Amino acid sequence: ATALLDQIEKVSGQEFELKASTIAAAGSNATCGPSPRAASGRGGTTFSTALEQVPELKKEEDLEKDVESWCCVCKKPWGIYRGAKTCAVQECKIPVIVCDDCQHENPTKMKCPMCASGDKFALRALSPPRLVNLENATRKRKHSGAEEALTAAERAALAAAQEKLAKRRKQESKEPDKRLFVGKLPLVTDITAIGEALGTRVKRIQWLVDHETRFFYGSAFVLVRSLDDAVRAVEKASKEGIKMGSRRLRVNFA
């Protein structure tokens, strides 16, 4: 940039003052500009911003207005984090800004703005939200008066969950039988694959289809070879899980 200015001055006969320029070094761009403390370069220009960053020439009071943080002890504007100070509240301990004059003050005075205002743990004083566990809805909750505060949509969802839970308990309480209900089957499968998944030989399968479309929707009644095989399949499905591809099968006594 300096050589270019020299050439322009020779041609035009005028003097130019370099205010700022951009140079490329080691694959990265760096901006260089006039620096009141730089001694190298044309017109006191620094060509490295890595070690020296000088703000624009402003009055002291204008620079103080640019500081948006303050000392946590004396509350005066301060924008330098120094001394590795942290919030005095044991549960917080986030870094806090302390000015040079307050570096040796009592550490108990050094609190972050939220802890100082008392808002840090304000949420702990609030009552916990009312949560409805639809999957594990119990008769105790039903008679405790909690249902009265539910909305219509929540009551419908709760009723559906209770009905689903009642059906599952009814299936689990059935007497052992060689005839099994197998759900969540892949939509493309056969008797051999189902037998391998259940760990037994399948004697007969009744595929369950949609009443309107007549398409198989992933459930079937499966008759296995023996009662012991049926019991082992149900126990394995409930404890370890039986998978066909990415699907985990539901296996119960029919």
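What share of the 254 residues of the chain counts as buried? I looked this up first, and the value is 24%. I note here that the model is predicted.

**Confidence**

I checked the pLDDT before going further. The chain averages 75, and 64% of the residues score at least 70. Residues 21-52 fall below 50, and in the model this stretch has 48 contacts beyond near neighbours in sequence. I read those contacts with the pLDDT of the stretch in mind.

**Overall make-up**

I found seven helices and nine strands in the chain. I then looked at contacts with a separation of 6 or more, and 46% of them join residues 24 or more positions apart.

**Cores**

I asked which residues have the most contacts inside the largest nonpolar core. They are Leu180, Val182, Leu198, Val222, Leu249 and Val251, in a core of 20 residues. At least two residues each come from β4 (179-183), α6 (191-198), β5 (202-209), β6 (216-224), α7 (227-239) and β9 (250-253). Helix α7 gives the largest share of this core, with four residues. Another core lies apart from it and has 13 residues, including Cys71, Cys99, Cys112 and Cys115.

I followed Leu198 on its own. Setting aside residues up to four places away in sequence, Leu198 touches Leu180, Val182, Val222, Val224, Ala233, Ile242 and Val251.

**Cysteines**

How many disulfides does the count give? I get zero. A disulfide is a covalent bond between the sulfur atoms of two cysteines. I went through two of the cysteines to see how far off they are. For Cys102, the nearest cysteine sulfur is that of Cys99, 3.5 Å away, and Cys102 is in no disulfide. Cys102 counts as buried because its relative accessibility is 6%, under the 20% limit. Cys112 is buried too, at 2%.

**Ile97**

I located Ile97 in the loop between α2 (60-65) and α3 (113-117). Is Ile97 buried or partly exposed? At 22% relative accessibility, Ile97 counts as partly exposed, since buried requires under 20%. Ile97 and Cys71 are 26 residues apart along the chain, yet their C-alpha atoms are separated by 5.3 Å.

**Ser219 and strand β6**

I placed Ser219 in strand β6. Ser219 is buried, with a relative accessible area of 10%. Leaving out neighbours within four places in sequence, I list its contacts as Phe181, Val182, Gly183, Lys184, Leu185, Trp207 and Leu208.

**Rings**

I searched the whole structure for aromatic pairs and found two. One of these is Trp207 with Phe216, an edge-to-face pair with 5.2 Å centre to centre and 85 degrees between the planes. The pair is called edge-to-face because planes over 60 degrees apart get that term. Trp207 counts as partly exposed, at 37% relative accessibility. Arg179 lies over the face of Phe221, 4.2 Å from the ring centre.

Terms used. Residues are numbered from 1 along each chain as its sequence is written. This is a predicted model: local features need pLDDT of at least 70, side-chain atom pairs count only at pLDDT 80 or more; totals for chains, interfaces and linings use all residues. Side-chain values use heavy atoms; hydrogens and water are left out. A nonpolar core is a set of buried Ala, Val, Leu, Ile, Met, Phe, Trp, Tyr and Cys residues joined through side-chain atoms within 4.5 Å. Buried means under 20% relative accessible area, exposed over 50%, partly exposed in between (1.4 Å probe, protein chains only). Contact means heavy atoms within 4.5 Å. pLDDT is the predictor's confidence in each residue, from 0 to 100. Rings of Phe, Tyr and Trp (its six-membered ring) pair if their centres lie within 6.5 Å; planes under 30 degrees apart count as stacked, over 60 as edge-to-face and the rest as tilted. A charge sits over a ring if NZ of Lys or CZ of Arg is within 6 Å of the ring centre and within 35 degrees of the ring normal. A disulfide is a pair of cysteine sulfur atoms within 2.5 Å.
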